[in-house]
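How do two helices pack in this model, and how are its strands paired? The report below takes up these topics in turn.

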Amino acid sequence: MLKGTTPGEIAFIKFRKNPLALAGLIIIVLAIVIAILGYSICPDKTPYANTQHLELSAKNPGFRVKVLKVRKNEVYNDQGFFSLMFFGRNTRFDEIPYTDFRFSEDSIILKEYTGFPESENFYRNVSLTDVVYPLEPGMISGLKFSGDTISFNLITGEKITTSGTELIKTIEREHLSERVYYLGTDRFGRDLLSRVILGSRISLMVGFIAVSISLIIGISMGAVAGYYRGKTDQVIMWIINVIWSIPTLLLVIALTMVIGRGFWQVFVAVGVTMWVEVARIVRGQVLSLREKEFIEAAKVLGYSDLRILLKHIIPNILSPVIIISAANFASAILIEAGLSFLGIGVQPPVPSWGGMVKDHYGFILAGKAYLAFIPGFAIMVMVLAFTMVGNGLRDAFDIRKE
């Protein structure tokens, strides 16, 4: 017999002794941390990790390429850490992949990376000042040279005087770098690791919001049906049975078509279709609890129905609600992935694991199966983690298993 002063402590002890449930919980916590950190740990910190290099399309994991960072002729405001973490930031630079370079008097000449080793070589000539500074429009053709000295105006109106030698040193130190794509690139040349990280946000958010909506509606409807019974129960059960008879994915697709395709629409559509399971469980629990002595005592004391439901009934039915919530969380992730795969979920360029599978399932036959396998594996791991936690909670709250 497990020792514990409260049923909650007993459940916690039993849950802690379940290795699969603990493993699932660790995976979920790790995914939440990664999703919260978001852009701050992404190699590509631009909004939606949408920096595209078509010449780097579908490169293998671990691919490396040299890039020249060319300063954009735009003014940027500095962002705080939390703004970067949640929203990303527009890059100050255009990146040009290259295989070789050399400096001339006032420019750098790049041998561009094309992705095809045997193709014709392409060279690009970039002004030294344009690489380092945000120039005033038309300034590239209006630079003033005096020996090694160069004078020009910035887009902010500031006038700069420097030398070609200093510009070359700055470029070598700050603008020539190597980019590593740890999970490779997708078909548009975007960093796959960054998009997988940001895709975790969509999956966890749709799970959290959908489950929250289903709990609010399901607990309210189930509690009212079970407590008042009679015609109220019959009407609510009729609604539940009608919604229950419609396939979930079909109902979500119908709702998505009505309220539109997009980010928040998917969350609402999934949540609105998942409440029936919660309502059925809550109704059954309330039907058994309303006949207990402590509920009769509360009625005799004159407590209102609302207080009895909120203070005495709902707190005593949370265990099965928590268990079904874990299962619904896994279902919501799968439904969102399915909708994105069908093209009616979150819309590009927002990264979604289901959308990433859709974009690359054709590459399975082209020797690039990892492009679809990596986001598919992420979906599988998250669903499995929530399933294991749900099973662990079920065993922990089962008083028959001691």
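## Helix packing

Helix 13 (residues 318–342) packs with helix 14 (residues 353–360) at an angle of about 40°, and their axes lie 7 Å apart; helices here are DSSP runs of H or I with at least four residues, strands are runs of E with at least two, and both are numbered from the N terminus. Axes are lines fitted to C-alpha atoms, for helices over the stretch in contact, with angles running from 0 to 180 degrees between N-to-C directions.

On the helix 13 side the contact (heavy atoms within 4.5 Å) is made by A337, S340 and F341, and on the helix 14 side by G354, G355, V357 and K358.

## Basis of the model

This is a predicted model, in which local features need pLDDT of at least 70 and side-chain atom pairs count only at pLDDT 80 or more, while totals for chains, interfaces and linings use all residues. Residues are numbered from 1 along each chain as its sequence is written, and side-chain values use heavy atoms, with hydrogens and water left out.

Five strands, in the order 4-3-2-1-8, form an open sheet with antiparallel pairing, where two strands pair if DSSP finds at least two bridges between them. Strand 4 (123–127) and strand 8 (176–181) are at the edges and have a single partner strand each, so one side of each lacks a neighbour in the sheet.

Six bridges pair strand 1 (residues 63–71) with strand 8 in the antiparallel sense, and K66 has E178 of strand 8 as its bridge partner.

## The hairpin

Strand 6 (residues 149–153) and strand 7 (residues 159–163) run antiparallel and are joined by five bridges, with N153 partnered by K159 in strand 7. Five residues lie between the two strands of this hairpin, and G157 in the turn has a positive phi of about 95°.
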